[in-house]
Amino acid sequence: MGKYVVKRILSAIPLMLVISFLIFMFIHLIPGDPARLIAGMDATKQEVETIRRQLGLDKPLMAQYFIYMKGIFHGDLGYSIKNNAPVASVILPRFKPTIILTICSMIWATILGVFLGIIAAVRRGKPLDYLAMIIAISGISVPGFWLGLMLIQFFSVNLGWFPTAGLTMAKSYVLPSITMGCGIMAILARFTRSSMLENLRKDYVRTARAKGMSEPKVILKYAFRNSLIEVVTVAGLQIGGLLTGSVMTETVFSIPGLGRLLVDSINFRDYKVVQALLMFFSLEYIIINLIVDIVYGFLNPKVRYQ
Amino acid sequence: MSTVTQTADEVILSKPEGRFKQFWKKFLKRKAAVVSLIFILLMIGVAVFAPIFLKYQVQAADYNNMLAGPSMKHFWGTDEFGRDVFTRLMVGTRLSLFSALISVVIGTVIGVILGVLAGYYGGIFDSIVMRCCDILFAFPDILLAIAIVAILGPGIINVIIAVAVFTVPSFARIMRSATLEAKEEPYVEVARSIGCSPRRVLWKHVFPETVQSLIVNFTMRIGTAILASSSLSFLGFGANVTEPDWGAMLSQGRNYLNSAPHMVICPGLLIFLTVLAFNLLGDGLRDTLDPKIK
Amino acid sequence: MGEKVLEVEHLRTEFKQEKKKYVTAINDVSFTLNEGEIVGLVGESGCGKSVTSLSIMRLLGDTSGRVTQGKILFKGQDVLSLSNKQMRNLRGGRMSMIFQDPMSSLNPVTRIETQMMETLLLHRTKDKAQARRMAAEMLKKVGIPDVETTLRSYPHQLSGGMCQRVMIAMSMSCDPQLLIADEPTTALDVTIQAQILELMKKLQREEKTTILLITHDLGVVAQMCSRVLVMYAGRIVEEAPVHELFYNHRHPYTQGLIDCIPKIGSGVRRLPSIRGSVPDLALMPAGCKFAPRCPFASDECRKNEPELLPYEGDPTHLVRCFRTKEVLS
C-alpha cells in the first residue's frame, strides 16, 4: 500500500510540471505586450524597456518560467494589473465562497445521487426506476446557468424565498448549491445504478441470500459495499470538475468566488491572475485525482494488500 | 491462401446489412430514443430550411413591440429590439447545432485516428498520445475550453476549436482501449495469421469492432458540446451577442429576466431539449448496440 | 432408509423471456431425499439442474424465473408457502448451499471472518465472540491449516480450493439438514477436486447431512452418491441407485452419458458422443424431449411424452422412456 501511494504521487509530479509549463507558455502566446500594457499607451520606448527589465521579461522564456515557479513557492504569483495588487492577495479572499459552495453541492448531490441510483437498481424496470432515471438524464442535459436563472426567477423573484444574488446570508448558498450539484447528482445516480445492477448479479450476492440475509442487508452490505469503491472514484473526480463548475454558477448568482474571478480576469485581460487561476484549477484537479486514486486503493482490498 | 481471405471478406461484407436490420428492429422498441431521433432530425431540418418558412427576418427590429411576451403574432415573444424570438431561435439552430456538430466531428476524427493507431501500434507513439491525453485531461472540460478561448480570443470559430480540442482525448482513450480489446479477438488473430497486412487488419477487422462505442460516444458528446458552447457564449466568450446563437441570446435575455422572462426561458428550454434528445438517443443506442450494459 | 428430508413434487419453473412470454425451464420434476444420503443430480449444462436447486432454495428472485406448479416439502413443511422471513430463517440455517465458483461466491471486500460470522449471527448466536470461535472451529474442521490468518484474509488472498473449503465451512456451520452443492468442484483443479469431495463426504458422515450434489461429472457421482437423478431438458429422465444406474441404466440418454466416459484400456477407439445438442427452451419438441437425439426413437416417442415410471416394478429405479427394452446395458 505504501509503495502504491508513493508511486502514485511520484507519477503525478511530472504531469504537474508539464502542465504548469504549458499554462505559462499559453499565457505568453497571448498577443499583446504586457510591458506596454503596464507602461501605458503613451510611454516612450525607453520606459517600456525599463519596465520590461523590471518584470524580467527580457530574459529567455525558460528562465522566466523558473523565476515564476520559484515565486510560487514563496507565495509570489505576480502582480494584478487590474486590481493594482499582488495576485495572491486578489485570489485569497475568493477561496471561501467557492469552497463552501463546492462542499455544499457535493454533499447533497452525492447523497441524493447515490440514493436514486440504489433505488433505481433495486426497482429495476419499475416506475421508480424510470422516475429516477428521468431525473438523472434531465440533470445531465440541463444547462446549469439556465437552471440557475430559472431558480432565481421562481424562488427568489416570484416567491421571495431566497436572495437573488450575492452571498449575504446562509440562505444565499441554497440556490447556487442546487445549480452546481445538479449535474453531479445526475452522473452519480446513473453510475450508481449501473454499478449496482452489475454487482447485484454477482455470485457473492447469491451467496448472501443463500445465507438467509435480509434483502436490505444484501443490497447495502454486499452489492453497495462493492459499488462504493467505484462510486467514490467517480464522485471524487467530480469534485475536481466542480471548482470549474463554479465558473458558471458564480457568474449567474454574482458570487465573488474563484470562477467569477477567472471570467472577470479574462475579460479585463488581467493575465497574471488568469495564469494563477488556471494553474490552481488544473493542479487542484490533478491532486484530487491523486487522492481519489489513493482512496480507491484503500477501499479495494485487492490493491491494499499487494 | 487467397480463397481464405476472400471468404473472410465476404463474411465482413455481408455482416453490416443483417446487423443493421437487427439493430433497427431493436432500436424501434426504445420509445424515448426514437422520439429523440425524430426531434433531432426535425432540428436539423429546421437548421437547413429555417429561412424559407419563417415569417420574420432574423434582424428585423420592431420598436413598437419590444420585450413583448408570447402572443399569436409573436409565438415566443420578442426581444429588446422587438425581434421575433422564435425566428431567432430557429435560425440560431444553425449556429448552435452545427457548431457543436462540426466541433465534435473534428474532435472525433482526430481522436479516433490517434486512438486506433495508438492502440494498434503501441510503443512510443502510444505513450506520447496517451501522455498528451493525460495532460488535456488534467484540465476539466469547460476550463480547457475557457483557457483556449482566453488565448485565442472570443468568437464562434474559436469556440469550435476549443470544444474540438477537449473532445479529442476522450475519443482517443475510448478508441485505444476498444482497439486493444478488438486486437485480442480470435478472428483478428486469424486475419493476421493468414497474412493480412497490418493496415488491412486495422481498418477492415479492428476498426469495425470499435464502431459501436464510437457511435454511442459521438452522440453523447454532441450534447456535451452544445452545453459547452452555449456556456461559453453565455460567459461572453462565444458567438457575438448580435448573432442569433442560443447561448448568446440567453445571455442577453438575462438582463430582462424580470420584465421578459420568455427571453431566458425559451432559448434555455431549447438547449435543454436538444441536449436531452442527444443524451436519450445515446442511451438508446448504447442499450441496443451493447446488450451487456443495461 | 431414514426420514424424508426433502420431497419435490411435480415442480415446474418458468422464466419470463419477453413481455408476457414464458418458457418452461423445468417441468414435472419429482424426487425425494432421505436423511443422511448423498444424491447426485446429473445432466448437461442447461438441462435445469441449477434451476431446480435455486427453486428449492427460493433464490430465483434475482432472475426472472418463478415456480408455477408443484410442491417443495422440507421436513414436511411446504417451502413455497413460507413467508420471506421464515424462508430466510431456513436458508443458511437448516438448508444451505454451496456454489460452483468459490472465488466469486465470496464477497471480495470483506474479510473471511466477517462473512463466516454473518451466517452464525443470523442463525446460531447473538454473541460475536462466540460466533468467531465457532467460525474458527469450523475452519479447523474443513482442514484449513492456519485458521487465524485465514479468518483475517480477504477472498483474493486465498486459492480456489481454500475458498471452497471456506464456503463449505460456512454452509455447514449451522448444522444444516440439507446441503445443496451446485457443481462444487467444477472450477477446481483435479487434485483439489478430490480433496474437496473427500472433505464433503467426511463431514456428511459426521453430521448426517443430506446432500444434493449437482454435477455433470459421472466420475464424481460414482465416488460420492448412493442414488442418482438424471436430468434432461428440464425433466428427470431416470432415477436409480448408483450401482443400478451404471450397470443397468434404461434411458438412452443415460447410456449416452455413460458412453462418453473414457475408459482405460478401451484402445484408441473414437470416444462416442451424443449427437445434437440440448433443445432450446422455447422450441421444445412435442413428444419425448430426447427423441430428436435418440437412436431408438419411434413415432410414438415423437408424439407423446413418456412418464417417469418404475422399471420392471422396481420402485427405486424410475425411467421416462417407451423403449427401455431396446437400451442395452
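1. Two residues are in contact here if their C-beta atoms, placed from the backbone, lie within 7 Å. The model is predicted: local features need pLDDT of at least 70, side-chain atom pairs count only at pLDDT 80 or more, and totals for chains, interfaces and linings use all residues. Residues are numbered from 1 along each chain as its sequence is written, while chains are lettered from A and ligands numbered from 1 in the order in which they are written.

2. Leaving aside neighbours within four places in sequence, Ala187(C) is in contact with Gln100(C), Asp101(C), Pro102(C) and Gly160(C). A residue is called buried if 20 or more other C-beta atoms lie within 10 Å of its own, exposed if 12 or fewer, and partly exposed in between, with C-beta atoms placed from the backbone. Ala187(C) has 19 C-beta neighbours inside 10 Å and therefore counts as partly exposed. Ala187(C) lies in the loop between E7 and H8 of chain C. The C-alpha atoms of Ala187(C) and Ile214(C) are separated by 13 Å, the two residues being 27 apart along the chain.

3. Helices (H or I, at least four residues) and strands (E, at least two) are DSSP runs, numbered from the N terminus. On these terms, chain C has 12 helices and 12 strands. The radius of gyration of chain C, 21 Å, is close to the 20 Å that the globule rule gives for 329 residues, so chain C is as compact as a globular protein of that length. The radius is taken over C-alpha atoms, and the rule is 2.2 Å times the number of residues to the power 0.38. The C-alpha trace of chain C spans about 65 × 50 × 40 Å along its principal axes. Of the 329 residues of chain C, 45% count as buried. Among contacts in chain C with a separation of 6 or more, 64% are between residues 24 or more positions apart.

4. How many of the six residues of strand E8 of chain C are buried? Six of the six residues of E8(C) (residues 210-215) are, so this strand is largely enclosed by the rest of the structure. Thr210(C), Leu212(C) and Ile214(C) point one way from E8(C), and Ile211(C), Leu213(C) and Thr215(C) point the other way.

5. Two strands pair if DSSP finds at least two bridges between them. Strand E3 of chain C (residues 38-42) pairs with E8(C) in the parallel sense over five bridges, and Val39(C) stands opposite Leu212(C). Strand E7 of chain C (residues 178-182) likewise pairs with E8(C) in the parallel sense over five bridges; there, Ile180(C) has Leu212(C) as its bridge partner. E7(C), helix H8 of chain C (residues 190-207) and E8(C) make a right-handed β-α-β unit. A crossover is right-handed if, with the strands pointing away from the viewer, the path from the first strand over the helix to the second runs clockwise.

6. Between chains A and C, 18 residues of chain A are in contact with 25 residues of chain C. H10(A) gives the most to the side of chain A that touches chain C, with six residues. The residues of this side divide into seven nonpolar, four polar and seven charged. Chain B and chain C do not touch, and their nearest C-alpha atoms are 12 Å apart.

7. The domain assignment of chain A gives domain 1 (2-88) and domain 2 (95-304), with bounds that come from an automatic or database assignment. The C-alpha centres of these two domains lie 33 Å apart. Their contact takes 21 residues from domain 1 of chain A and 18 residues from domain 2 of chain A. On the side of domain 1 that touches domain 2, the largest share, 12 residues, comes from H1(A).

Methods:
Nonpolar A, V, L, I, M, F, W, Y, C, P; charged D, E, K, R; others polar.
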